[in-house]
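Me: Hi! I have a structure open and could use a hand reading it. Can we go through it together?

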Amino acid sequence: MLVETLVVAFWALLPAYVPNNAASLFGGGPPIDGERTLGGRRVLGDGKTWRGLAAGLLAGVALAIVLSELAPMLAPAVPVVDALPRFSRGAAFGLAGGAMAGDMAASFVKRRLDRDRGQATPGLDQLDFVVGALVLAAVLDPAWVGEWITLPVLAVALVVTPVLHVGVNAAGYAAGLTKEPY
Ligand code: CTP
Ligand code: MG
Ligand code: K
């Protein structure tokens, strides 16, 4: 059922969604690339900081722990779902760390394409973190990914994530929390 697929996809990917927003809210300070350059351009740029990385990891893993406690309580109360995912350590760290790694990988690519920090790169900006999250989760806990990230969940995730991401960022921009509306 589509609604169940949507709910499971959203729940399973929440620990991958929040790291970006936490990094945006709490990031700043020394950049991860130490201001080093590659071919005349920054390796990652000033938008990728240690503080943002730490905040993102912490927020994602903490949320996964909370959701794991809530899942068995909430699932019986939500009529459309049979079960909601709980997160193993590998899944939690994979989703949060993979989201941050995917975001960093995208910045690396953007700098190689001569795009300045913060310049919009449609497609990459909206999917980098979810692809990174699913890849690292699949490496750290393939059984969890096999159980929860079914093909319909994956399809929904790839379609709904960009819409959700743009919506959240637009709202954050309107509220004065982020520098760019995308
Ligand atoms: N951020 C951070 N550390 C990270 C990721 C993000 O401090 N590892 C913060 C930065 O303040 C960044 C903001 O979150 O500006 C928004 O993140 P993002 O849109 O990914 O960075 P951009 O500034 O757009 O830079 P880039 O072009 O490299 O994506
Ligand atoms: Mg950006
Ligand atoms: K990004």
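Reply: Happy to! Helices (H or I, at least four residues) and strands (E, at least two) are DSSP runs, numbered from the N terminus. This is a predicted model, where local features need pLDDT of at least 70, side-chain atom pairs count only at pLDDT 80 or more, and totals for chains, interfaces and linings use all residues. Residues are numbered from 1 along each chain as its sequence is written, and side-chain values use heavy atoms, with hydrogens and water left out.

Me: New topic: which residues come nearest to ligand 1?

Reply: Lys48, Thr49, Ser107, Lys110 and Arg111, out of 19 residues around ligand 1 (near means a heavy atom within 4 Å).

Me: Which helices supply that shell?

Reply: H1 (2-26), H2 (50-74) and H3 (89-112) each give at least two residues. H3 has the largest share, with four.

Me: What polar contacts does lysine 48 make with the ligand?

Reply: A polar side-chain atom of lysine 48 is 2.6 Å from an oxygen atom of ligand 1; a polar contact is a pair of N or O atoms within 3.5 Å. For lysine 110, a side-chain N or O atom lies 2.7 Å from a ligand oxygen. Glycine 118 uses a polar backbone atom, 2.8 Å from an oxygen of ligand 1.

How values were computed
Chains lettered and ligands numbered in written order. Polar contact = N/O pair within 3.5 Å; in protein donor to acceptor, adjacent residues only side chain to side chain.
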